[in-house]
Every structure is written in C-alpha cells, then in structure tokens.
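Open the structure in your viewer and keep the sequence beside it. We will go from stop to stop, selecting as we go.

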Amino acid sequence: MTEEWLQGNDYFLVDINFGTDDRIVIEIDHADGVWIEDCAELSRFLQERLGDEVGDYELEVGSAGLGQPFKVAQQYLNHIGDTIEVLGLDGKKVQGVLKSVDGTNFTITVQEKQKQEGKKRPVMVEVDKTYTMDGVKYAKYLLTFK
C-alpha cells in the first residue's frame, strides 16, 4: 500500500518497521526533503486502506532523518556532491565528498596526507576511495555549518 502511494509522488521508501508493540514505523525520503504535509497524507492514505484489518496499532510516518545512516541506494544517489561520513568495517571513519554511485558501490573523494618525491613534508592530495554499501558499518550525510 505504501508503494502504491509512492508511485504518484517523487518520494521513495527507506524503511518499514513492524514493532512488537503494535507500532508500524514507515520512513520515506525525497531528493528535496520531506514535507510534514506529505507524511500526514501518506498516514491518512494507509489508515483508510488498513482500517481495522490489523487491529490496534500505532502508525508513524516520517522522514529518514538528516544525519541518519543511509539505508537504501537512492539516499546515496541523492547526496552525490555532498560531504558524507563513512565508518568502515575496520572501525576507521573517513569524511569526503560523495563522488559517484554505481550499483551497490560508492566512491568518495577524501583529503589525505601523502609523501611526495622531492618534498620534505607530506602534502594534502585528493584520493578516491570506493566502498560497497554493505561493506561499511554506515554512511551518512555530514551536516556542516559554514
């Protein structure tokens, strides 16, 4: 039913969680952000369709949340050109600009100190690092204030 509503909109589904406490949590996202009015519209749409079929339940519809780890590929695509933070399976955190997304792989450009021939001190250079979406603990948009 959620997919049915999403087809008529530019939103995409991030997650649906059926809690043990009779709570249904639906997270949606949009390239330009999520409007509260649209969350309310989806909630009404689902409540009309579900009615009393599933018994007593609490339905919560919201956005994926800025600064929360990405859960679906579309979130990566929406943030190409933005600074993200990646926590690798090795426990190392890196920050860089999301350069590209190809299937389940994504590439970020990071600043690294590297020793260069003929130079006494290491210099900062841009390096591309490629990861798989399921090969990291998380990747998330890095909110910065300039």
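**Start with a helix on the sheet**

Select helix H2, residues 36–50. H2 lies across E2 and E3, and its direction is about 150° to that of E3. Here, contact means heavy atoms within 4.5 Å. Axes are lines fitted to C-alpha atoms, for helices over the stretch in contact, and angles run from 0 to 180 degrees between N-to-C directions. Helices (H or I, at least four residues) and strands (E, at least two) are DSSP runs, numbered from the N terminus.

This is a predicted model: local features need pLDDT of at least 70, side-chain atom pairs count only at pLDDT 80 or more, and totals for chains, interfaces and linings use all residues. Residues are numbered from 1 along each chain as its sequence is written, and side-chain values use heavy atoms, leaving out hydrogens and water.

**The sheet**

Now select the three strands. They form an open sheet in the order E1-E2-E3, with mixed pairing. Strands E1 (12–18) and E3 (58–63) stand at the edges with a single partner strand each, so one side of each has no neighbour in the sheet. From one strand to the next, the twist averages 15°.

Zoom in on E1 and E2 (residues 23–29): they pair in the antiparallel sense over six bridges. Two strands pair if DSSP finds at least two bridges between them. Find Asp-15, which stands opposite Glu-27 in E2.

**Last stop: Gln-75**

Select Gln-75, in helix H3 (residues 73–78). Is Gln-75 buried or exposed? Gln-75 is buried, with a relative accessible area of 4%. Buried means under 20% relative accessible area, exposed over 50%, partly exposed in between (1.4 Å probe, protein chains only). Not counting residues up to four places away in sequence, Gln-75 touches Phe-12, Val-14, Asp-29, Ala-64 and Phe-70.
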